[in-house]
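The stops below go from the whole chain to single residues.

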Amino acid sequence: MEALSQLSYGPETAKRHVIAGSAVERNRRTLPSYETHTLTVAGVIRDAPPSVGNMHAMSSDVAPPPYDPQAIEPRWQDFWRDEGTYEVDNDDPRDRYYVLCMYPYPSGAAHMGHVRNYTIGDLLTRYRTMQGDAVLSPMGFDSFGLPAENAAIKTGVHPREFTEERIDMLQSSLVRIGGVYDWRRRVRSHDSDYIHWTQWIFLQLLSAGLAYRKDAAVNWCPGCQTVLANEQVVDGRCERSDDLVERRDLEQWYFRITDYAQQLLDDLELVDWPERVATQQRNWIGRSEGVEFEMSVVDAEGNPQDVEALRVYTTRPDTAFGMTFCVVAPEHPIVESITEAGRTDEVAEFVRSARAMSEIDRMSTEGPAAKRGVFTGSSVINPFTGASVPIYVADYVLLSYGTGAVMAVPGQDQRDWEFAMAHGLDIVRTVQPPQDWAGEAYTGDGPAINSGFLDGLEVEEAKASAIKWLEEQELGEPKVNYRLRDWLLSRQRFWGCPIPVVYCDECGITPVPEDQLPVLAPDDVEFTPTGQSPLMSHEGFLHTTCPDCGGPARRETDTMDTFVDSSWYFLRFADPWTPDKPFDPAEVDRWLPVDQYIGGAEHAVLHLMYARFFTKALSDLGIAPKDLREPFQRLFTQGMIRLDGSKMSKSKGNLIAPEEIIDTLGADTLRLAHLQVKPPEEDVDWEDFGLAGCNRFLQRVWRLAVPGSELVAAADLRSGDLAESDVEVRRATHKLIVDITEHLDRWSYNNAVASYMEFVNHLYRYVQSDEGVHGTTLTEAVDTLLKLLAPSTPHISAELYSIRNDGADVHTTAWPTPDESLLQVEEATMVIQVNGKVRDRLTVPVDIDEAAAINAALDSDKVRQYLRGEPRKVIAKPPKIVNIVV
């Protein structure tokens, strides 16, 4: 049977909202599925679609079509788009709910990780909409990035063309999986309007002192020709190109995120995030409390050197009596002045090699970095003991943390222990370990030993006493330090947001005036793998006029880290229409914080940290709402998908194309497979997805619900009073409402799918039973099932519900509510097992006690034949199960 190819609509097709209780009904256009059954068109009900009650009568006249997702799914996707079903205005009177999936980098058509992420977000959007909320579900693209520039170098295709082609591919994929978004709010990082406001925000941060420029050692990838973050360096190599990473000194732009270190730490208490993510954030901030004190530098003979005292930071001043050497970072400015003449070459070579390592490798507690170091020939005086202790230069100390120098106490620090053993240095314990301690460094609690006036004190008391003594001697003071370092945002790339400053010989660093924004990179740039930004070879871009003095000036040729773009896009989504500012704070205040943020755990540190920093800084500057402290109230991180034991990724070439599955089995099958395989936060193996089983289930739903189905036509339809089997179906229907609502609220999607399937099995037994079916009961059961399925499998649910209900869109109906009277069951089915195998099922009162349940089980004729004497054990959990062990 062919579907209608054309529809006739009445004059009023504009979208409108009508509040009806908790649901919002839209003026709907209809999507008929059968040529022979015209639905509600132009406001006139014509030959209405067959309801469940008359399926039997029409089945002999009209054969229903088979389930055809390739026909159904595009039609409904077009309908939701054209109707603006999921477009929401900022003045919508309903309760607001902001669902946001992390906007993706457009690398091409969607992969399975996208499908998993965006299926979850789409399910939540549809579910909350049916519950009566005005749901903001926007989408955009993190469209700047190095891959497009690398492609330009290889192929000559401009990054804009390369990127926009892939945006179209990815957007098409998102639509094909059934994702519904308010596309009016779409953000693309490379659009001139978004560049404008990203640059404007940079200038506000610069004016506030939160953006600055300084020389710094950076990770440089010679293959990608750009600076890398520490996280992009793996085993000393670029994670993308696998080139050996070098250390270079470059003048770089930074954001002063460290000004917000304590706020970033404290405000983690305000959000509902997975604990592992919150822990990663806390560890990255790395707050520590200790003391900073100074020590005099002496030469090999103990004579004072003409250098400043060396300052060290420690969280364990109670162990200072056990300091047997001191370690400074290779970059420390004191290194050259304290190195003896005969050791200059050795120290210089060590410093050079250390600077070639990534900070992550240097901080590792494993491998050679934990033991590598050289003696400078100089020493410091331990103020607690008066002893001279040697100064070493070592890999594992970083200039960017603390003072760049540490006191080494090998008795109480394992890394110091290993270093001391490797270099033949003394080890003095300062905390008494347990009597049976057979380890190396002891880091636990215990009384102080070998520590002079601290002896006998427990650790915390000894710390306080040591700090007090240093203060009294005017050698030190308490100090709080953070591992968090300022955000390096400079990138030596073309395909990024240009940094809006110029350099003038007379005026220095000069911001580009706001009325000259956006600063856009030219299109006619030569993409060659040089050590400088491609913009540096473009005379038209490079040379400009100083906005202050009118003299010649040079533009900044670095571009911004793409994390800058993703640090405020969620604010722009709330209001992309205000013409003279990045967003209206009043509109942002309507939606933020994001109620539910969804994305991969790989973004648990940097993206979230930077987005939180931007939100706090913009709030302080009056750009964002004053009381907006956190951008994302709740966070969900979905598990990754593995194939043959490895994470699916383009670089590994082990991808399964979602498009192939959509083209054959349909998007609803793919969505259902993602939902049923495992809890969504867990990693999953592709081999476990069970696509065929999910498709068979949808086929069964189709045969159960489609008008004219042979399944229902073969049943004996009844009306009038309800039989016990009808009541059981009604009870099961309303229990399903409770179960699915609980499962979706708890993100227990695999259990929701199991409940769907169990219920459909129940309906099949009901329809195929000799007792026949009650038309009203079956109508209620099937229509309720379709509503409950709608967020998970939106296309088939919409198609079947529309056919059965005069063209209505199931997604604009209210979420079902259970009839409490049908949930109050007096009897239950109790399963009786013998040695784990089901031997009988008994109908028992729901309040049956344990003794009565056991007696009933043991009295069962079906059970007694499996008993040989007295059972060894009986485990009863009434009224559900009794397990007898013989």
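The tour starts with the chain as a whole and then moves through strands, loops and backbone angles.

This is a predicted model, in which local features need pLDDT of at least 70 and side-chain atom pairs count only at pLDDT 80 or more, while totals for chains, interfaces and linings use all residues. Residues are numbered from 1 along each chain as its sequence is written, and side-chain values use heavy atoms, with hydrogens and water left out.

**Whole chain**

Select everything and show the C-alpha trace, which spans about 110 × 85 × 45 Å along its principal axes. Switch to a cartoon: the chain has 29 helices and 37 strands. Both are DSSP runs numbered from the N terminus, helices being H or I with at least four residues and strands E with at least two.

Colour by accessibility next. Of the 886 residues, 55% are buried; buried means under 20% relative accessible area, exposed over 50%, and partly exposed in between, with a 1.4 Å probe and protein chains only. The chain exposes about 37700 Å², of which carbon and sulfur atoms supply 46%. These areas come from the Shrake-Rupley method with a 1.4 Å probe, and for residues only the protein chains shown count as cover.

Contacts are heavy atoms within 4.5 Å. Among those between residues at least 6 apart in sequence, 72% join residues at least 24 apart.

**Strands 12 and 14**

Select residues 288-295, which form strand 12, and strand 14 at residues 310-314; the two run antiparallel and are joined by five bridges. Strands count as paired if DSSP finds at least two bridges between them. Within this pair, E294 stands opposite R311. Strand 14 has four of its five residues buried, so the rest of the structure largely encloses it.

Go on to an open sheet with strand order 30-29-31 and mixed pairing. Its edge strands, each pairing on one side only, are strand 30 (646-647) and strand 31 (684-685). Strand 29, at residues 641-643, runs parallel to strand 31 and is joined to it by two bridges. Pick I641 to find V684 of strand 31 opposite.

**The loop between helix 12 and helix 13**

Which loop holds T430? T430 sits between helix 12 (414-423) and helix 13 (459-472). T430 has 0% relative accessibility and is therefore buried. Leaving aside residues up to four places away in sequence, T430 touches several residues, including T319, F321, V409 and I449. Draw a distance from T430 to P410, 20 residues apart along the chain: their C-alpha atoms are separated by 9.8 Å.

N450 is in the loop between helix 12 and helix 13. Its relative accessibility is 46%, so N450 counts as partly exposed. Check the phi of N450, which is positive, near 55°, in a residue other than glycine.

**Other backbone angles**

W747 is not a glycine but has a positive phi of about 60°. Find W747 in the loop between helix 23 (724-745) and helix 24 (749-767). At 15% relative accessibility, W747 is buried.

Two cis peptide bonds come next:

- L517 to P518, with omega about 0°; P518 is in the loop between strand 23 (508-511) and helix 14 (539-542).
- L592 to P593, with omega near 0°; P593 is in the loop between helix 17 (585-591) and strand 27 (596-600).
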